[in-house]
Amino acid sequence: MSLVPEKNSDFSTTKYWDSFFTKREAAFEWYGNYENLKRLLTKYVCSKDIILMSGCGNSNLSANMYCDGFSNMTSVDNSEVVIANMSKKHTKKYPGLVYEIKDILNTEYPNERFSVVIDKGTLDALMPDGEVESLTRAMSMFNEIKRILKFGGRYICISLLQYHIAKFLFTYFSENGWIIRVCQCTEVEDSADFNGQPVFMVVCTKVNKIPGAKPVIEWNPDGLTNERLDSISDLLEIIIGTQKSVSMCFDLTKCQMEDMSNSYRFEINCTQTKTPRYTIMIVESPSQRNPNKMTFAAFIVPHGREHEWLFNSEEGQDILRRNCNVDRLAIISMHRGQVYKSLKQVQQELSRLMLKIAPQGVLKRGETILFLSLEQQLGERKIIMESKSEHSGNFVIEEVEGQKGETFRRLVFLNMPHIIQSEAKLLKENDDIKIDYSHFLSDYIPYLGLGIGIKANQSIEEPRILLIGLGGGVLTNLLINAYKNVRIVALEIDLVVYKIAKEAFGLIEDSRLEVKICDGLEYLSNAVKNGDKYDAVVYDVDVKDPTLGLSGPPKAFLIQDVLNNVKCLIGEQGLFLLNFVCRASDVKNEILNVLKANFKQLTSLKITEDINRVLLARNNNEEFSEELLKQTAVYMNQCTTSSPLIGCDVIDISTLKENIEDI
């Protein structure tokens, strides 16, 4: 016996519902029963309210509310079959409970008859799609509700809030000046028969429209605290995000993810803010996929350490999962700009969510969620500057505490919050704070310096270096400190970044460094026209779009005309060095093939525990041999050891051989 209609539009017909309720006499609870909805309903409905239950169907919601003290209630439906059945079932037992055959599009009740209209699935049935016919029906129903509700009355709509429904509902009532509040019915998600689609309760309060006033739109995810939103678009964005997250959690619990890879990253809003408080990476065992047998734990990453290899790379995350000895691990990172009181508070805040993403076997076995971390403290992150750059967008400069109690200062662009643009280690001498010039966030910086060392170690009196991408100035500081004979022209498109390099990251400026605020592509073209020559051209410039799978350099710097300019500037004897960061294998292969076609020699130095590669290229046939690189590394270490501001080796010669890659 099928209860599903042949087409969506049948949901709006009386004929379909008469047939439905004839075939199914047992109560059918769309979107949860009274126990699932009671916490929210009793917040917005009181016992004195005159209530209209719209499209009541054969749900027990009216009877349950009547038993709970809501005695002034009329339940209506346009199906004669269901009204007859419900009257027969409940009238004697609940004599004050009224059932009437009414069309909610035209009830014929007097104006302002009711103080509350409850709609549990009726709007969803009337609007199976966004076509004109559906919109017309919904408009008629809204107009009727507006007419029969008292001033200050509430239209309570319990719905799945499909996009076409949510947009029309919010637009109609906001344009009429009503107060709109949307709550998430979390108890429905906790029920045994939950199907993965979150249910929402939209409370629209009838007030007089004030000309020119901004609509009152609120998001209430927990039923306790409201967040005032600026627009319907903001509310729709939250609804869509919530639907995706709840659906993903449901699939994770059942191990039904369509993407069968071993990791998923998503952001979660566990409390009252529009801005997500956590990023959660789910890492799974490739061998155990039975949801009833899988084990699970949650790992909270200390503040400021989410960029570390163990937490931010696929290999590191899987090692962490195996060390935790579980089949599924949720790796949880906290966000900038949010307040976290304690590790215990974070665990309490996340406990319900962790139950939602744990394999179902964990719940069946009655196990509690195991929370793990490196330490008993959250770690410390102190934002010392927040601002916006015309070229790079919003950014923060923050100071975070490392594993051994060190303090690191970082520049992070918020369009790529998981990537550190520049980092400096801070040293305290008495009451003074100084930069530790021997610290490098990644070995790619010393390896670029190694490439420059090939020229610095030769007989050239003053090698001329063109660096595209100053950033925080960490690379230029290394070159200035290590090689006394180099002269550097550093290009930076963003004046704000140049100021940050000077004021926050200890950029060393002397006669051997010239910083130009300009577009690197334009400079390359003009330099060729002017007949300039350089002993090395270095690309250390990032990509601002995090969706491309390429973090640096931008493809615009790798097109043929630009590469021709680079080759012209370095001539037969010069070097071309690149900080190459690419996660997409197809893009990586494409770029490497372009470089191999343009340069006679191309060598890669891989970075341990990082996706960065330092590429060394030249126009002649002289190889970047292991012997050449080792000799240069010895020379470089001698230079940095004798430098007053570095005073140590910066290249591990013992691992250099294994980091040389054939391309």
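This passage describes the overall architecture of a predicted protein model and two local sites within it. Residues are numbered from 1 along each chain as its sequence is written. In this predicted model, local features need pLDDT of at least 70, side-chain atom pairs count only at pLDDT 80 or more, and totals for chains, interfaces and linings use all residues, while side-chain values use heavy atoms, with hydrogens and water left out.

The protein is divided into domain 1 (8-230), domain 2 (255-372), domain 3 (381-436) and domain 4 (443-661), with bounds from an automatic or database domain assignment. The centres of domain 1 and domain 4, taken over C-alpha atoms, are separated by 64 Å. Along its principal axes, the C-alpha trace of the protein spans about 105 × 55 × 55 Å. The secondary structure comprises 21 helices and 28 strands, where helices (H or I, at least four residues) and strands (E, at least two) are DSSP runs numbered from the N terminus.

Of the 663 residues in the protein, 53% are buried (under 20% relative accessible area, with exposed meaning over 50% and partly exposed in between; 1.4 Å probe, protein chains only). The accessible surface comes to about 30,000 Å², and 48% of this surface belongs to carbon and sulfur atoms; areas were computed by the Shrake-Rupley method with a 1.4 Å probe, and for residues only the protein chains shown count as cover. Among contacts (heavy atoms within 4.5 Å) with a separation of 6 or more, 67% are between residues 24 or more positions apart.

The structure holds 18 aromatic pairs, a pair being rings of Phe, Tyr and Trp (its six-membered ring) with centres within 6.5 Å; planes under 30 degrees apart count as stacked, over 60 as edge-to-face and the rest as tilted. The ring centres of Phe173 and Trp178 are 4.8 Å apart and the planes lie at 45°, so this pair is tilted. Phe173 and Trp178 are both buried. These two residues belong to one aromatic cluster together with Phe142, Tyr155, Phe168 and Tyr172.

Apart from neighbours within four places in sequence, Val489 is in contact with Ile465, Leu466, Leu467, Glu514, Lys516, Tyr523 and Tyr534. The C-alpha atoms of Val489 and Ile465 are separated by 6.2 Å, and the two residues are 24 residues apart along the chain.
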